[in-house]
Amino acid sequence: MIEKTMAARNSGEKRVIEWLKAWAKAIRDNDLASGRALFAEDASGFGTITLRTDGLDDLVEGQWSRVWANTTGFDFDWKGLSIRLSPDGLQAGVQTLWTSTGKEKTGEDRDREGRATIILTRNSKEADWKCVHTHFSMWPNCADHELLK
């Protein structure tokens, strides 16, 4: 993908980036209420510790509340960010990498890195984006790297 500067991005893409920044901040701050405000009530997801979640309550209880409290330094890879807007500008698909530091049960820190796909929708171009689906996964297992070549 050709990297676009912020100035070259259209207003729909800029608002997606604003949404992503708000969500990354909510994760870093372990602010579940602010995170919830960015999502649709019927949001679904696949997570790093959940196979599948259906509905925002399930997503928060099954994934966020268990992971965010043990995470520091979360951020997206802003340079490698890919945003695809629907022709009507009412749906956006985001593909990006992410990094953070997680706490082991022993209390030791460990690097956590992975990838995410995020689907956002809105009812009009003036409306705020709401997330309807996320798919977060960790990097493939190091033992599988030979298969990726």
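Predicted model: local features only at pLDDT ≥ 70, side-chain atom pairs only at ≥ 80, totals over all residues.
Which residues of helix 3 are buried? They are Leu56, Leu59, Val60, Gly62, Gln63, Trp64 and Val67.

**View 1. The whole chain, for orientation.** The chain has three helices and seven strands. From the N terminus on, the elements run α-α-β-β-α-β-β-β-β-β. The chain counts 149 residues, and 38% of them are buried.

View 2. Helix 3 covers residues 56-67. It has 12 residues and reaches 15 Å from its first C-alpha to its last. That is close to the 16 Å expected at 1.5 Å a residue. An α-helix has 3.6 residues a turn, so residues three or four places apart point the same way. The buried residues of helix 3 include Leu56, Leu59, Gln63 and Val67. Val60 and Trp64 are also among the buried residues of this helix.

View 3. The structure holds one cavity of 30 Å³ or more. The largest cavity has a volume of about 200 Å³. Its lining is made of 20 residues. Nearest its centre lie Gln63, Trp64, Val67, Trp68 and Phe136. Which element gives the most to this lining? Helix 3 does, with four residues. Helix 1, strand 1 (39-46), helix 3, strand 3 (71-76), strand 5 and strand 7 (130-138) each give two or more residues to the lining of the largest cavity. By class, the lining divides into 10 nonpolar residues, nine polar and one charged.

**View 4. The largest pocket.** This pocket has a volume of about 290 Å³. It is lined by 13 residues, and those closest to its centre are Ile49, Asn70, Lys103, Arg110 and Arg112. Helix 3, strand 5 (91-103) and strand 6 (109-121) each supply at least two residues of the lining. How many residues of each class line the largest pocket? Three are nonpolar, four are polar and six are charged.

**View 5. Trp23 and its aromatic partners.** The whole structure has 13 aromatic pairs. One of them joins Trp23 and Trp64. The two ring centres are 6.0 Å apart, the planes stand at 50°, and the pair is tilted. Trp23 lies in helix 1 and Trp64 in helix 3, so the pair ties together parts that are 41 residues apart in sequence. Trp23 has a relative accessible area of 2%, so it counts as buried. Trp64 is buried too, at 2% relative accessibility. Trp23 also pairs with Phe76. Here the centres are 6.3 Å apart and the planes lie at 35°, so this pair is tilted. It links Trp23 in helix 1 to Phe76 in strand 3, which are 53 residues apart. Both Trp23 and Phe76 are buried.

**View 6. The aromatic cluster and a charge over a ring.** Ring pairs join Trp19, Trp23, Phe39, Trp64, Trp68, Phe74, Phe76, Trp78, Trp98 and Phe136 into a cluster. Trp64, Trp68 and Phe136 are also among the residues that lie nearest the centre of the largest cavity. Over the face of Trp78 lies Lys21, at 6.0 Å from the ring centre.

**View 7. Asn30, between two helices.** Asn30 sits in the loop between helix 1 (11-28) and helix 2 (32-37). It is not a glycine, yet it has a positive phi of about 50°. Is Asn30 buried or partly exposed? Its relative accessibility is 36%, so it counts as partly exposed.

**View 8. Ile118 and His133.** Ile118 lies in strand 6. Its relative accessibility is 0%, so it is buried. Ile118 and His133 are 15 residues apart in sequence, but their C-alpha atoms are 5.9 Å apart in space.

View 9. Trp129 is found in the loop between strand 6 and strand 7. Where a residue under 20% relative accessible area is buried, Trp129 qualifies at 4%. Trp129 and Val16 are 113 residues apart along the chain. Their C-alpha atoms are separated by 7.2 Å.

Conventions. Residues numbered from 1 in each chain as written. Heavy atoms only, no water. Buried < 20%, exposed > 50% of the residue type's maximum accessible area, 1.4 Å probe, protein only. 1 Å grid on protein atoms, 1.4 Å probe; cavity = no way out; pocket = protein on both sides within 12 Å on 5 of 7 lines; lining within 4 Å. Points joined across faces, edges and corners; volume = space filled by probe spheres on them. Nonpolar A, V, L, I, M, F, W, Y, C, P; charged D, E, K, R; others polar. Expected span 1.5 Å × (residues − 1). Phe/Tyr/Trp six-rings, centres within 6.5 Å; stacked < 30°, edge-to-face > 60°. Lys NZ or Arg CZ within 6 Å of the ring centre and 35° of its normal.
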